[in-house]
Amino acid sequence: METVEMNSVSLKRPRSEDDVANADEIKRQKILEKSKAGNDSGQSIENVTEQSEDTKSAIIPNEESEEQEEEELEDSDEDGDPESFADMMKHGLTESDVGITKFVSSHKGFSGILKERYSDFVVHEIGKDGRVSHLDDFSVPVDDEDPSEETFTVLSDEDKQRLEELQLFKNKETSVAIEVMEDTKEKRTIIHQAVKSLFPGLETKTEDRDGKKYIIAYHAAGKKALANPRKHSWPKSRGSYCHFVLYKENKDTMDAINVLSKFLRVKPNIFSYMGTKDKRAITVQEIAVLRITAQRLAHLNKCLMNFKLGNFSYKNHPLKLGELQGNHFTVVLRNITGTDDQIEQAMHSLREIGFINYYGMQRFGTTAVPTYQIGRAILQNNWNEVMDLILKPRPGAEKGYLVKCREEWAKTKDPAAALKKLPVKRCVEGQLLRGLLKYGMKNIISAFGIIPRNNRLMYIHSYQSYVWNNMVSKRIEEYGLRAVPGDLVLKGATAVHIEEDDVDNYTIHDVVMPLPGFDVIYPKHKIGEAYKEMLVADNLDINNMRHKIRDYSLSGAYRKIIIRPQNVNWEVVAYDDPKIPLFTTDLDKLEGKPLPVLPTDGKFRALKMEFSLPPSTYATMAIREVLKMDTSIKNQTQLNTTWLR
């Protein structure tokens with residue numbers, strides 16, 4: 001088996017210098033106009049997406065309308081003019097920028113378009129028991145304790161609005177009175193049940209006023225009641241957690257959780273899951289929620305776009321991050337150019353040998369300032385550099401309000417002035433500016449600490465990934481695809497070096513390499529020295545990876561350098577219309593939608609491929625090995641734009 005240097009393929013049509021010069025300004029102007037249109041009301045807007053565990057419990061009153069406006073701002077330019085977006089992306093990262101340079105197979109590469117439609121990329125979670133998650137059942141478990149269906153319709157929209165404002169302390173009222181129009185005991189009981197089940201934290205009582213019956217809703221336990229699901233109303237015989245399958249389209253997992261929590265009027269931190277899934281895809285995964293009935297969850301199917309919930313069951317445990325076996329991918333690569341022989345060679349190689357387990361491009365961001373650079377500055381304790389990298393102007397595709405915010409910061413270095421240009425204040429830039437406003441320019445560490453912990457750690461993990469990618473490319477260049485003395489393998493959870501007399505007992509599929517940290521060992525050959533040299537060049541000491549701020553101390557970890565996918569299957573199909581789906585999803589099957597009839601000899605060809613991967617591996621890196629192409633947004637956008645012309 002030989003290794004092959006990366007040869008990026010571009011189908012981009014040559015463009016005039018005037019086109020290139022004007023593209024950035026045209027794109028920015030369009031984004032700015034859209035962001036202005038989305039904020040005509042002049043209200044303060046704060047972002048609630050991408051919350052980490054640290055901020056999930058910090059939803060504050062009066063944010064729901066702001067959330068809606070923010071979502072409009074966040075999505076306002078996603079599907080803008082493809083040509084101008086491609087021009088903006090010329091400033092983005094390519095694979096070689098982050099150490100992704102080698103291949104393991106010898107076949108000749110070919111071109112194809114990845115995620116031309118988000119529905120071309122489908123992810124099914126594989127649970128710890130090996131079962132693949134599918135949405136195939138909308139039925140609700142029968143439970144005598146569940147309220148009647150009328151519970152969900154007995155309250156008017158006006159009643160629901162008033163109750164929600166009371167629940168979230170959005171007004172000064174201490175109670176809400178709902179007149180009972182049909183005064184029967186059964187009717188009053190249904191209203192009591194509706195208020196208590198739909199608005200956790202509220203209690204109810206019946207009062208006579210002027211000869212009429214009213215249900216009075218009020219707070220029983222103060223503001224804490226909203227955070228805690230109602231313990232006394234949950235049957236003892238029923239598991240405390242409702243597990244369900246979430247089918248979502250073109251939304252990431254945390255966005256989906258935020259939407260569900262908003263509709264259910266609960267905090268996002270009562271949800272748990274095993275892993276986050278891509279946004280630009282159709283994904284199917286298991287979610288658990290504390291003391292919310294399957295009936296209430298199923299009711300959301302009537303009002304949510306791009307989500308479906310099903311396969312409900314009650315269990316006594318939540319889900320934990322990382323408790324999954326992996327994910328099963330179904331991917332369509334459109335407009336492929338490879339011959340049948342090339343495709344067969346590529347897919348056989350993927351099944352038999354696998355691919356280099358690089359960290360994919362998602363790990364490093366999409367703009368001209370990679371996340372690993374910020375991580376490196378944190379590890380160097382260079383806080384002025386951290387601040388500058390996050391806030392300084394940068395070329396490339398960014399939303400108009402971010403561009404204005406960065407320009408203001410460069411001009412004034414005034415956090416308050418820059419913050420005024422930023423309608424979405426819970427993005428990282430907004431959080432840092434608020435921190436600087438609170439703690440001052442001389443206390444950047446505390447200002448940076450306002451950013452949720454998971455987001456802060458993302459930067460240093462990105463740097464670790466950057467080092468790992470580069471070192472693995474060097475390792476494969478130096479020693480090829482065989483285990484050699486001095487390599488590392490795992491025995492249980494412990495890494496050991498391969499000795500000379502033991503080398504024949506191992507293959508390249510056993511070899512691991514470390515992410516730098518204070519609790520790992522390094523290979524005993526040239527690559528061990530290469531690690532040290534790379535960190536020295538970055539003004540870091542490989543023997544002292546502890547940081548004076550404990551959160552930023554890196555313990556390190558081990559990662560296999562080659563991954564061999566399981567359950568690999570593929571098929572080449574012909575088609576004429578780029579907009580038609582080429583396979584049926586779980587939802588299509590539930591709704592009885594047939595697969596479109598495809599021509600035997602269409603204008604275009606697509607490669608449909610399926611494979612399963614363990615956690616923390618990147619499907620894009622498997623696809624890269626098949627195509628022998630750069631999978632970065634920068635390159636794929638150029639291919640997409642060329643085809644759309």
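Predicted model: local features only at pLDDT ≥ 70, side-chain atom pairs only at ≥ 80, totals over all residues.

1. Apart from residues up to four places away in sequence, Leu324 touches Glu125, Ile126, Gly127, Lys128, Met274, Lys277 and Pro615, a contact being heavy atoms within 4.5 Å. Leu324 belongs to strand β12 (residues 324–334); helices (H or I, at least four residues) and strands (E, at least two) are DSSP runs, numbered from the N terminus. Leu324 counts as buried because its relative accessibility is 11%, where buried means under 20% relative accessible area, exposed over 50%, and partly exposed in between (1.4 Å probe, protein chains only). From Leu324 to Gly130 the C-alpha distance is 8.2 Å, although 194 residues separate the two in sequence.

2. Residues are numbered from 1 along each chain as its sequence is written, and side-chain values use heavy atoms, with hydrogens and water left out.

3. The chain has a mean pLDDT of 81, with 80% of its residues at 70 or more; pLDDT is the predictor's confidence in each residue, from 0 to 100. Residues 1–83 have a pLDDT below 50, and this stretch makes 174 contacts in the model beyond near neighbours in sequence. Residues 641–645 also stay under 50, with 18 contacts beyond four places in sequence.

4. Thr620, in helix α19 (residues 619–627), is buried, since its relative accessible area is 10%. Beyond neighbours within four places in sequence, Thr620 is in contact with Leu114, Gly360, Gln362 and Thr631.

5. Which strands form the open sheet, and in what order? The order of the 4 strands is β15-β14-β16-β17, with antiparallel pairing; two strands pair if DSSP finds at least two bridges between them. At the edges stand β15 (494–497) and β17 (557–560), each pairing on one side only. On average, neighbouring strands of the sheet are turned by 55° against each other, direction ignored.

6. Strand β14 (residues 488–491) pairs with β15 over 4 bridges, and Lys491 has Thr494 as its bridge partner in β15. Of the 5 residues in β16, 5 are buried.

7. Helix α16 (residues 453–479) packs on this sheet, touching β16 (511–515) and β17, and its direction makes about 145° with that of β16. Axes are lines fitted to C-alpha atoms, for helices over the stretch in contact, and angles run from 0 to 180 degrees between N-to-C directions.

8. Helix α16 also packs with helix α17 (residues 526–537) at about 145°, the axes being 10 Å apart. Among the residues that meet are Tyr463, Trp468 and Met471 in α16, and Ile527, Tyr531 and Leu535 in α17.

9. In helix α11 (residues 383–391), the buried residues are Trp383, Val386, Met387, Leu389, Ile390 and Leu391. These residues pack against α10 (371–379), α12 (400–412), α14 (428–439), α15 (444–448) and α16.
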